Amino acid sequence: MTDAFDLKDAPELIRVEDLHKDFGSLKVLAGINETIRKGEVVSIIGPSGSGKSTFLRCLNRLEEPTSGHIWFDGADIADRSVDIDRHRQKMGMVFQHFNIFPHMSVLENITLAPTLLGKMSRDEAVAKAEALLSRVGLLDKRDIKPTRLSGGQKQRLAIVRALAMEPEVMLFDEPTSALDPEMVGEVLSVIKGLAQNKMTCVIVTHEMGFAREVCNRVLFMDGGVICEQGAPGELFDHPRHPRTQDFLSKVL
Amino acid sequence: MLANLLTLVEKYGPVFIGGLGTTLELALISVAIGCLIGALVAIMRLCKSKALNLVATVYTEVIRDTPLLLQLYFFYFLLPDILPALKLSKFTCICVALVFNSGAYMSEVFRSGIQSIDRGQSEAARSLGLSSSQTMLRIVLPQAFKNVLPAMCNEFVAITKETSLASTFYVGDLMTQYQTISGKTYMVIEPLIIIGIIYFVVTFTMSKLVAVLERRLKEND
């Protein structure tokens with residue numbers, strides 16, 4: 001995989017400063033500082049309730065941060081006065097439960113955003129969608145309703161739907177957690193393909209094997225902060241923080 | 001009795017049919033415009049603005065917690081009073097009252113429909129960069145509409161029957177024609193049976209059509 005060292009000098013894509021998120025009196029994120037560089041594939045692991053999904057969802061402001069800064073695309077997108085819709089076009093997101101639009105065909109799911117938001121003409125969007133569908137082996141499904149797809153197919157569709165907007169970074173929120181075991185592989189291999197093509201990815205995952213193989217950096221979160229981070233080999237084989245050790249001893 | 005019924009149908013058939021026409025016209029106008037108001041009010045109730053929430057909630061609650069007949073009287077007297085220049089016909093005033101009434105009930109139908117759509121649908125749309133109104137129009141409402149279609153049709157059936165209250169103001173609906181014919185013929189029961197049959201046939205047919213529609217929609221999923 002990509003050597004972590006060539007990415008140390010890659011340009012910054014997202015810089016998070018002192019990010020906090022409270023739900024009422026519950027502090028879900030308690031001060032996160034992190035930089036994601038172009039071309040990095042970063043996975044976020046940690047026990048449930050550690051704030052990893054909330055952190056990811058704050059990055060495109062599906063959750064409003066309570067305080068802090070998120071620098072992306074030349075702006076602090078945590079600032080409520082920015083036009084977040086414009087920045088979201090450059091951040092693709094893939095959800096645990098796919099969230100495919102069931103009232104549209106497979107093709108329309110993909111072409112909706114690029115055409116509606118004026119990024120491409122209808123013809124360009126269709127050509128792009130077909131190219132993406134054939135890349136993930138779903139071209140023969142282009143005209144059917146997605147309710148007839150399997151979980152794995154839905155998630156592959158969700159990935160290409162996000163890719164159609166040509167984002168600068170892809171955010172994955174537990175992309176394989178809702179899948180039957182035999183479908184996990186097909187989705188992971190699509191994500192792996194993206195990583196190999198130097199797409200910047202941030203992946204919240206429970207697939208430790210995948211994180212180890214594909215990612216060049218792993219963040220371990222617990223209690224709303226990033227406890228420890230490092231290259232996967234280092235973090236998985238020689239965890240330094242006791243909480244990382246405890247967590248890994250349970251899941252590995 | 002039977003002879004009386006046949007005579008009535010023969011002599012006043014067109015009058016009954018005309019009454020049915022007006023009844024359906026009132027119901028269609030109420031439901032069609034009520035739908036638009038209902039969708040708007042439902043969005044107002046679910047949006048972030050506290051002021052819009054309040055306006056929408058007050059409207060829905062006031063309409064739902066007062067009798068329709070009272071609302072009919074209210075608009076019947078109020079509208080010509082505050083807008084004398086428009087020279088509104090009594091039919092228009094009654095329509096406005098019915099529209100406001102069905103709008104409130106429709107807004108509840110739509111609200112439950114919108115809330116029945118998984119939050120993940122909006123999140124996926126927003127994450128692609130769609131604005132909140134684009135998300136509402138392209139993603140949430142089309143799916144909500146399909147979910148609420150049966151409830152909307154039931155509302156149409158209900159309002160068809162409720163328009164009979166408009167006969168208080170002699171707007172020419174079925175119930176008005178009953179009063180006219182009963183006054184002319186001094187028959188009370190027979191014309192009531194005839195319009196009863198007409199109401200029944202129309203609403204029963206509509207209910208059955210709704211059931212068919214519901215089944216079709218399920219098969220499509």
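This is a predicted model: local features need pLDDT of at least 70, side-chain atom pairs count only at pLDDT 80 or more; totals for chains, interfaces and linings use all residues.
What pLDDT does chain B average? Chain B averages 89, and 99% of its residues score at least 70. Across the elements of chain B, the mean pLDDT is lowest in helix 8 (residues 189-220), at 87, and highest in helix 5 (residues 119-127), at 96. The model as a whole comes with an ipTM of 0.93 and a pTM of 0.82.

Let us stay with chain B and walk through its architecture. Its secondary structure consists of eight helices and zero strands, so that reading along the sequence gives α-α-α-α-α-α-α-α. Along the principal axes, the C-alpha atoms of chain B occupy a box of roughly 70 × 50 × 25 Å.

Two helix pairs, both involving helix 4 of chain B, are worth a visit. Two packed helices are described by the angle between their axes and the distance between the axes. Take helix 1 (residues 2-46) of chain B with helix 4 (residues 90-115) of chain B: they pack at about 45 degrees, and their axes are 5 Å apart. With that angle, helix 1 of chain B counts as oblique to helix 4 of chain B. The crossing of these two helices is right-handed. Sorted by class, the residues in the contact of helix 1 of chain B with helix 4 of chain B are 19 nonpolar, eight polar and four charged.

Now turn to helix 4 of chain B and helix 6 (residues 132-162) of chain B, whose axes come within 8 Å and cross at roughly 135 degrees. That angle makes helix 4 of chain B oblique to helix 6 of chain B. This crossing, too, is right-handed. From helix 4 of chain B the contact includes L98(B), Y105(B), M106(B) and F110(B), while the residues from helix 6 of chain B include V140(B), L141(B), F145(B) and M152(B). In total, the contact of helix 4 of chain B with helix 6 of chain B has 15 nonpolar, three polar and two charged residues.

Chain A brings us to sheets. Strands of a sheet pair through backbone hydrogen bonds, either parallel or antiparallel. One open sheet of chain A has six strands in the order 6-7-8-3-9-10, with mixed pairing. Its edges are strand 6 (91-94) and strand 10 (225-230) of chain A, each pairing on one side only. From one strand to the next, the twist averages 20 degrees. Within this sheet, four bridges join strand 3 (residues 41-45) and strand 9 (residues 217-222) of chain A in the parallel sense; V42(A) has R217(A), in strand 9 of chain A, as its bridge partner.

Helix 6 (residues 151-163) of chain A lies across strand 6 and strand 7 (169-173) of chain A, at about 170 degrees to strand 6 of chain A. Helix 7 (residues 181-196) of chain A lies across strand 3, strand 7 and strand 8 (200-204) of chain A, at about 155 degrees to strand 7 of chain A.

Finally, look for the open sheet of four strands in chain A, ordered 2-1-4-5 and paired antiparallel. Strand 2 (26-37) and strand 5 (75-76) of chain A are its edges. Strand 4 (residues 67-72) of chain A is joined to strand 5 of chain A by two bridges, and W71(A) has D76(A) as its bridge partner in strand 5 of chain A. Helix 2 (residues 52-59) of chain A packs on this sheet, touching strand 1 (12-23), strand 2 and strand 4 of chain A, and its direction makes about 120 degrees with that of strand 1 of chain A.

Methods: Residues are numbered from 1 along each chain as its sequence is written. Chains are lettered from A and ligands numbered from 1 in the order in which they are written. Side-chain values use heavy atoms; hydrogens and water are left out. Two strands pair if DSSP finds at least two bridges between them. Contact means heavy atoms within 4.5 Å. Axes are lines fitted to C-alpha atoms, for helices over the stretch in contact, and angles run from 0 to 180 degrees between N-to-C directions. pLDDT is the predictor's confidence in each residue, from 0 to 100. Angles under 35 degrees count as roughly parallel, over 145 as roughly antiparallel, 65 to 115 as roughly perpendicular and the rest as oblique. A crossing is left-handed if the near helix is turned anticlockwise from the far one by less than a right angle, and right-handed if clockwise. Ala, Val, Leu, Ile, Met, Phe, Trp, Tyr, Cys and Pro count as nonpolar, Asp, Glu, Lys and Arg as charged, and the others, Gly among them, as polar.
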